[in-house]
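Happy to walk through this one with you.

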Amino acid sequence: MAATTTRQPSILAQVSAVPPQRVNSTAEVPTSKPHHPKRWHIPRLLFKVKDVSHEGAIKYFNTTNTQKLLHDAVIGVLETLYTHETAPTTQRSITLILQSMDGIAYTTGSELDNDHKEIYFSLDYICQLPDDRTQNEILGVIRHEMVHCWQYDACGAAPGGLIEGISDFVRMKAGLGPPHWTRKGDRWDAGYEATAYFLDYLCSRFGNDTVKRINLAMKHSEYTPELWMTISGGIPVEKLWDDYKTAFNLHPIPKPEPGDGEKEKEGYAAVAKEEAAAPPPSKIEAKPPQSVEKPLPIPPTPIATHASGMRLPRSPGSGDVWPFAADTPAAHIMLDRLKNMRFEGTSDATRYLLEFEALIDRLQPEMSDTDRRLLLCTSFHGSIMVDWYEKSCRAVTYPQLKEAMQEAFRNY
Ligand SMILES: [Zn+2]
């Protein structure tokens, strides 16, 4: 079982609409009062250890700051799944309980009240973690469980794989995925990292807020496959999954029949023709495995359909169509180059940005700043960039992002 396998909570968050903001009636607030940035609602955070002398507890205390662990997890989940306007505020407490038990972790409402959440985490599991993985694995498991304290579940009707996939998506976006995670091509709702990578792909295609939209769509409504049509502008989940597998070369490779060389060549030629617009997948997957997320490819939209104009140029959000300057070999080479660009914070940003913009200007000069920013962000890799982006660059425009990059990474 994957290290992140958790038991499905019996009841997930049943949070209601955000109540109207409380007004402090006793205070005469002067109009000149400085504007304070919005703050997230943080419930009371509690901690229990059932056996402090357990080896796992000792390991936990040697590696973990519980206050920071829980606080960062709450903020990370809220930032990934909500905005200040949509974040639930009914959670009253979240308790982390370390105890000896089978499995890894699970989350549930408390016996008395579902607004009080309890995360159970196995000391036996912590005990057997390798030393160099202990800290990150604790952070990652708690981030996953914290999602269950806050996410919507379509009135209990959401597929379990989607619930678990969203949890691991949040973990992945925090840079807390374990090194053994890989893209898998069995089913979109296989859950955990298999679904998380798929969701990440959807974000690259339909906008960074795609998982936020999926979660919110499950606030009051029962789950139906229509959800995916709404999210993608009319594409069923089976097609999205197929596109994802094509983009990352996850389709099973047919074994050639022995002595059938000619037929084989024809077959490959036919496939090559059909998939002319899809990125040559080997180029994406041939790179050495990264400790952080892998790059996201440009959506594999066939060039031939671009002329039909499914999306107006300069429309906001991530394009589900990506017109080329022309369907030429040069355009394919440039597209390939753009897709494989990665910035790890160890080289000069100005030089990198020059190439990035030069390629976009050749391929789609009218691309909006929103899309440029999204594309640039998907080329960030490695822990330096994850840390930098988390700390300094969450909500800036494309020109601001460029400037911040140039400031932070210059003259290598
Ligand atoms: Zn889970």
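Q: Which residue of β2 is the bridge partner of Val49?
A: Leu98 is the partner of Val49 in β2. Strands here are DSSP runs of E with at least two residues, helices are runs of H or I with at least four, and both are numbered from the N terminus. This is a predicted model, in which local features need pLDDT of at least 70, side-chain atom pairs count only at pLDDT 80 or more, and totals for chains, interfaces and linings use all residues. Residues are numbered from 1 along each chain as its sequence is written.

Q: What makes β1 and β2 a pair?
A: Two strands pair if DSSP finds at least two bridges between them. Six bridges join β1 (residues 44-49) to β2, and the two run parallel, so the pair qualifies by that definition. Another of the bridges links Leu46 to Thr95 of β2.

Q: How many bridges pair β2 with β4?
A: Seven bridges, again in the parallel sense, connect β2 to β4 (residues 116-122). Ile94 stands opposite Lys117 there.

Q: Why do β1 and β3 count as edges of the sheet?
A: The open sheet has four strands in the order β1-β2-β4-β3, with mixed pairing. β1 and β3 (105-109) each have a single partner strand, so one side of each lacks a neighbour in the sheet. From one strand to the next, the twist averages 15°.

Q: What makes the span of α6 close to the expected one?
A: The expected span is 1.5 Å times one less than the number of residues. α6 (residues 192-206) has 15 residues and reaches 21 Å from first C-alpha to last, close to the expected 21 Å. Gly207 follows α6, with a positive phi near 115°.

Definitions and conventions: Axes are lines fitted to C-alpha atoms, for helices over the stretch in contact, and angles run from 0 to 180 degrees between N-to-C directions.
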